[in-house]
Amino acid sequence: MTVTVGSMPNFRDVGGRRTRDGTTVRTGLLYRSDQIPALPADDVRALAGLGLRCVYDLRTEAERAMLPGDRVPGATHVPLDVLADDRQSMAARLLRLLTDPGSAESLLGDGRGVAMFVASYRSFVELPSAQAAFRRLFEGLAEADRLPALLHCTTGKDRTGWACASLQLLLGVPQDEVVEDYLESNRRILGKYAPHVAAFAAQGGDPALLEPVLGVREEYLDASIEAAVRAHGSIEGYFRKGLGLDDATLEALKGQFLVS
């Protein structure tokens, strides 16, 4: 069953993909989205129908203060500040740049935006705060009484994108399909920011500057995967050594999320 949440265009089920050994990632257990706004009644009902028990919020404290949004009724809210150790990360400052064409030009011009996002994706693997946040996330997802769950950041494409991609890779989804799922954010989220891009242009900003940072690119996800494999030998090594998850937790994750 496909659930649509109109105010959260990047809302979707993380499950449904086939793995290399012929199993399937179970649906109805983990959902991903952009930030939760002030929810209209229809969206409150849609989310309530999922029976969510936990909502994992990967945003910084500053992002949560700027756009606190609504809480999902009946769900425990779990803040996990992935970028606590890097307040200057592009992923954390994205919305502020939309209102400041001057800063956007100096920060993003001449390919700097792409380079900064590649660096941000490496930091999702390397930062101590990211390791701690993702460890808590996956420990929670391994517990049956915390599911179903919703995972989100601001746009639902970067921190959330890496969390979902790494889980799918751990479960055995082929990398090309993981990339395909990751790139789906472009179709879903870019339209949401069209009014912001128009306002940016009206202030004299060059909309082309925003394209690399409002969307996602395969090279961004590749940067996280390469950082994980370089440091830990494999994606499973990243979960074991980078995140410090033990055998029981990894087996529980696979047991929860894989179905024949």
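Helix H8 gives the largest share of the lining of the largest pocket, with three residues. The model is predicted, and the pocket has a volume of about 410 Å³. The largest nonpolar core has 69 residues, and the count of disulfides is zero.

**Largest pocket**

- The lining of the largest pocket is made up of 21 residues.
- Nearest the centre of this pocket lie Thr 2, Val 3, Arg 12, Asp 13 and Arg 188.
- Two elements, strand S1 (12-13) and helix H8 (175-189), each supply at least two residues of the lining.
- Sorted by class, the lining holds nine nonpolar, six polar and six charged residues.

**Nonpolar cores**

- In soluble globular proteins, nonpolar side chains tend to be buried together.
- Within the core of 69 residues, Phe 134, Phe 138, Leu 141 and Trp 162 have the most contacts.
- Helix H7 (residues 159-171) contributes the most to this core, namely eight residues.
- Beyond its neighbours within four places in sequence, Leu 141 is in contact with Leu 30, Tyr 56, Leu 147, Ala 149, Leu 253, Gln 256 and Phe 257.

**Cysteines**

- Cys 54 is buried, with a relative accessible area of 4%.
- Cys 153 is also buried, at a relative accessible area of 1%.

**Buried helix residues**

- His 232 is placed in helix H11 (residues 218-232).
- With a relative accessible area of 15%, His 232 counts as buried because the cut-off is under 20%.
- Residues up to four places away in sequence aside, His 232 touches Gly 237, Tyr 238, Lys 241 and Gly 242.
- Ser 123 lies in helix H5 (residues 112-126).
- The relative accessibility of Ser 123 is 8%, so this residue is buried too.
- Contacts of Ser 123, leaving aside neighbours within four places in sequence, are with Leu 83 and Ala 130.

**Backbone exceptions**

- Most residues other than glycine have a negative phi, and most peptide bonds are trans.
- The peptide bond from Leu 147 to Pro 148 is cis, and its omega is near 0°.
- Pro 148 sits in the loop between helix H6 (128-141) and strand S6 (149-152).
- Asp 110 is not a glycine, yet its phi is positive, at about 55°.
- The loop that holds Asp 110 runs between helix H4 (101-108) and H5.
- Asp 110 is exposed, with a relative accessibility of 77%.

Key:
Residues numbered from 1 in each chain as written. Predicted model: local features only at pLDDT ≥ 70, side-chain atom pairs only at ≥ 80, totals over all residues. Heavy atoms only, no water. 1 Å grid on protein atoms, 1.4 Å probe; cavity = no way out; pocket = protein on both sides within 12 Å on 5 of 7 lines; lining within 4 Å. Points joined across faces, edges and corners; volume = space filled by probe spheres on them. Helix = DSSP H or I, 4+ residues; strand = E, 2+ residues; numbered from the N terminus. Nonpolar A, V, L, I, M, F, W, Y, C, P; charged D, E, K, R; others polar. Buried < 20%, exposed > 50% of the residue type's maximum accessible area, 1.4 Å probe, protein only. Contact = heavy atoms within 4.5 Å. Disulfide = S-S within 2.5 Å. Core = buried A, V, L, I, M, F, W, Y, C linked by side-chain atoms within 4.5 Å.
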